[in-house]
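Please keep the sequence and the coordinates at hand while reading.

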Amino acid sequence: MFFRNIRLSYLKLLRVLEIIWLVLTNVISDWFTDTRIYRLFRRAKSKEEVHRRSTQARIRAMIEDLGPTFVKFGQILADRPDLVSEKLRRELKKLQAAARPFDNDIAMQLVEEELGGPIDVFFESFHPTCIASASIGQVYTGILRSGESVVIKIQRPGIYSKIKIDLILMKVLASKLARAYPELASLNILSFVDEFGELVMKEMNYHHEANNILRFKDLMKDEPSFYAPKVYNEFTTKRILIMEKITGIAPDETTKLLEQGYDLNQIALNGCNIILKMILRHGVFHADPHPGNIFILPGNRICFIDYGMV
């Protein structure tokens with residue numbers, strides 16, 4: 001216990017130093033790009049290349065540098081107009097579309113480790129480039145030996161210990177902020193961080209997400225406008241999740257939806273109906289329903305993906 005506490009303290013110190021370094025690096029970099037010297041060196045470049053980033057853009061870039069815990073926190077804040085300004089919310093929304101990917105070769109190794117054998121034993125084909133990268137996992141496409149098209153969600157390497165340390169640091173920071181600024185009491189920032197930590201820790205277990213999908217498929221089986229992807233439990237582990245590949249349109253791609261004959265009013269009604277049924281009838285709901293986690297399917301049906309936060 002003693003040595004474990006020493007190791008944890010050491011890792012926390014390293015992470016604190018890393019966070020301080022990243023924050024200072026971003027601040028100094030942005031300060032330097034505003035100086036006359038920098039502009040003289042970049043005179044030959046286009047106006048777009050030397051354009052000064054907004055404060056909101058700088059915050060979003062810094063959050064990306066800080067890693068998956070902070071990216072996930074930023075994604076949640078993007079849907080909280082009661083906590084952040086509209087300008088910052090719009091910038092944080094970009095974190096919901098994609099996160100910086102990790103190396104595809106590492107992902108292939110992780111898939112083989114989790115499945116316990118070479119990829120070609122389980123897949124007829126496997127596309128080696130990720131189609132999406134989120135705060136906790138990365139997504140690939142493939143075809144199973146049974147001929148079914150699937151998406152493969154693989155967890156980022158080494159993420160568990162990093163997130164655990166980040167959550168401890170965030171809780172300490174939230175406690176200090178609550179004491180230093182009593183006006184934050186109305187936001188209940190400590191409870192917000194606690195709830196966030198609980199959700200994130202659950203999200204790192206893909207068995208939990210697979211069970212959530214199966215639960216919603218059962219709860220919403222009589223709702224024709226709702227669809228959830230099929231889960232392949234025989235290939236699912238704590239760090240890898242294999243699901244049916246869904247082909248649809250994101251709800252914020254309204255021009256594309258209209259061009260293909262979808263009814264935007266009906267989509268909105270279906271979405272409200274589904275969410276209200278989840279909350280009021282079943283008492284359990286999808287807790288991360290941003291456009292990156294929703295597909296619109298033919299017949300104005302709505303397919304939710306990413307059930308890590310429920």
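A salt bridge is taken here as a side-chain nitrogen of Lys or Arg within 4 Å of a carboxyl oxygen of Asp or Glu. The model is a predicted one, in which local features need pLDDT of at least 70 and side-chain atom pairs count only at pLDDT 80 or more, while totals for chains, interfaces and linings use all residues. Residues are numbered from 1 along each chain as its sequence is written, and side-chain values rest on heavy atoms, with hydrogens and water left out.

**Charged pairs**

Over the whole structure, the search returns ten salt bridges. Side chains of opposite charge can pair when their charged atoms come close.

| Pair | N to O distance |
|---|---|
| Glu-114 and Arg-239 | 2.9 Å |
| Lys-202 and Glu-198 | 3.7 Å |
| Glu-223 and Lys-277 | 2.6 Å |

The salt bridge between Glu-114 and Arg-239 connects distant parts of the chain, since Glu-114 sits in helix α8 (residues 104–115) and Arg-239 in the loop between β5 (226–227) and β6 (240–244), 125 residues apart. Helices in this account are DSSP runs of H or I with at least four residues, strands are runs of E with at least two, and both are numbered from the N terminus. For accessibility, buried means under 20% relative accessible area, exposed means over 50%, and partly exposed lies in between, with a 1.4 Å probe and protein chains only. On that scale Glu-114 is partly exposed at 21%, and Arg-239 is partly exposed as well, at 26%.

Lys-202 and Glu-198 form a salt bridge with their closest N and O atoms 3.7 Å apart, and because they are four residues apart in helix α11 (residues 189–203), about one helical turn separates them. Lys-202 is partly exposed at 39% relative accessibility, and Glu-198 is likewise partly exposed, at 49%.

In the pair of Glu-223 and Lys-277, whose side chains meet at 2.6 Å from N to O, distant parts of the chain are again linked: Glu-223 belongs to the loop between α12 (206–219) and β5, and Lys-277 to helix α14 (residues 264–282), 54 residues away. Glu-223 is buried, its relative accessible area being 9%. Salt bridges with shared partners also gather Glu-113, Glu-114 and Arg-239 into one network.

**A nonpolar patch on the surface**

Which residues form a nonpolar patch on the surface? They are Leu-276, Ile-279, Leu-280 and Phe-285, which together have about 400 Å² of accessible area. Patches are made of residues with over 30% relative accessible area and no salt bridge, like charges being joined within 9 Å and nonpolar side chains (Val, Leu, Ile, Met, Phe, Trp, Tyr) within 5 Å. The areas come from the Shrake-Rupley method with a 1.4 Å probe, and for residues only the protein chains shown count as cover.

**Helix packing**

Two packed helices are described by the angle between their axes and the distance between the axes. The axes of helix α5 (residues 68–77) and α11 come within 11 Å and cross at roughly 120°, which makes α5 oblique to α11. The axes are lines fitted to C-alpha atoms, for helices over the stretch in contact, with angles running from 0 to 180 degrees between N-to-C directions; those under 35 degrees count as roughly parallel, over 145 as roughly antiparallel, 65 to 115 as roughly perpendicular and the rest as oblique.

**Buried positions and backbone**

Ile-154, in strand β4 (residues 149–155), is buried with a relative accessible area of 1%, and its C-alpha atom is separated by 6.6 Å from that of Leu-241, 87 residues apart along the chain.

Asn-300, in the loop between β7 (294–297) and β8 (301–304), is not a glycine and yet has a positive phi of about 60°, and it is buried at 14% relative accessibility. Asp-306, in the segment after β8, also has a positive phi, near 60°, and counts as buried at 13% relative accessibility.
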